[in-house]
Structures are given as structure tokens and as C-alpha cells.
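Subject: Handover of a structure for your review

Dear colleague,

A written account of the findings accompanies it.

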Amino acid sequence: MSKSRQTPPNQWNYEETIAQVESLVAEIETGDIELEALFDKFTLAVESLRQCETFLDQRQKQMQLQIEILNDRAGQVE
């Protein structure tokens with residue numbers, strides 16, 4: 001496992017969430033877990049991926065807004 005900084009409790013981290021999803025998928029792919037546990041892990045992976053998608057959507061909107069602000073300022077300077 002790579003050295004990564006630990007985030008304080010209650011602080012969500014995109015990279016850590018992706019790593020957790022990858023771990024869940026690896027466990028599911030082994031086929032060595034009971035069906036109920038498989039469904040629980042699958043559900044957790046899907047919920048985590050939804051959090052990641054929401055995070056990325058929010059950041060994309062922020063970036064688009066910043067680009068618009070920069071373009072507006074560049075247009076005012078000309």
C-alpha cells in the first residue's frame with residue numbers, strides 16, 4: 001500500500017474513496033465472500049462512486065465558473 005496522508009475523521013477524500021472502491025471491487029472479484037456480503041460491498045461501492053461523481057461535478061462547475069471569470073476579466077482589459 002502506498003504512503004498516503006490520513007484525513008481527519010469526518011473529512012471526505014476523493015482519492016481515499018476511490019482506493020476503497022478498488023479494494024471492494026477486488027474483494028467482490030475473488031468470489032470468496034458470501035452473497036449477502038457481496039451485495040453489501042457492491043452497494044457500498046456504488047454509493048462511494050456516486051459521492052465521487054458528485055464531487056467531480058461540483059469541481060467541474062467551479063472550474064467552469066473560474067474560466068468564465070477569467071474570460072470576462074480578459075475581455076475587460078482589452
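This is a predicted model: local features need pLDDT of at least 70, side-chain atom pairs count only at pLDDT 80 or more; totals for chains, interfaces and linings use all residues.

Residues are numbered from 1 along each chain as its sequence is written, and side-chain values use heavy atoms, with hydrogens and water left out.

Overall make-up

Of the 78 residues in the chain, 10% are buried. Here buried means under 20% relative accessible area, exposed over 50%, and partly exposed in between, with a 1.4 Å probe and protein chains only. The chain exposes about 7000 Å², of which carbon and sulfur atoms supply 53%; these areas come from the Shrake-Rupley method with a 1.4 Å probe, and for residues only the protein chains shown count as cover.

Helix H1

Helix H1 comprises the 17 residues 14-30, which at 1.5 Å a residue should span 24 Å; the end C-alpha atoms are 25 Å apart, in agreement with that value. The expected span is 1.5 Å times one less than the number of residues. Thr17, Val21 and Leu24 are the buried residues of H1. Viewed down the axis of H1, these buried residues fall within an arc of 60° and so line one face of the helix; the arc is that of the directions from the helix axis to the C-beta atoms. Glu15, Glu22 and Glu29 are exposed on the other side of H1.

Both ends of this helix deserve a remark. Asn13, in the segment before H1, caps the N-terminal end of H1, with a side-chain oxygen 3.0 Å from the backbone nitrogen of Glu15. This is a polar contact, defined as a pair of N or O atoms within 3.5 Å; within protein, one must be able to donate a hydrogen and the other to accept it, and residues adjacent in sequence count only if both atoms are side-chain atoms. Asn13 counts as buried, because its relative accessibility is 17%. Just after H1, Gly31 takes a positive phi of about 75°.

Salt bridge

How many salt bridges does a search of the whole structure find? The search finds one, formed by Lys41 with Glu27, whose closest N and O atoms are 2.7 Å apart. Because Lys41 lies in helix H2 (residues 35-77) and Glu27 in helix H1, the pair ties together parts that are 14 residues apart in sequence. A salt bridge is a side-chain nitrogen of Lys or Arg within 4 Å of a carboxyl oxygen of Asp or Glu. Glu27 counts as partly exposed, at 30% relative accessibility.

Aromatic pairs

A search of the whole structure finds three aromatic pairs. One of them joins Trp12 and Tyr14, whose ring centres are 6.4 Å apart with planes at 70°, so the pair is edge-to-face. Tyr14 also pairs with Phe55 in a stacked arrangement, 5.5 Å centre to centre and 25° between the planes. Since Tyr14 lies in helix H1 and Phe55 in helix H2, this pair ties together parts that are 41 residues apart in sequence. Rings of Phe, Tyr and Trp (its six-membered ring) pair if their centres lie within 6.5 Å; planes under 30 degrees apart count as stacked, over 60 as edge-to-face and the rest as tilted. Ring pairs link Trp12, Tyr14 and Phe55 into a cluster.

Yours sincerely

Methods: Helices (H or I, at least four residues) and strands (E, at least two) are DSSP runs, numbered from the N terminus.
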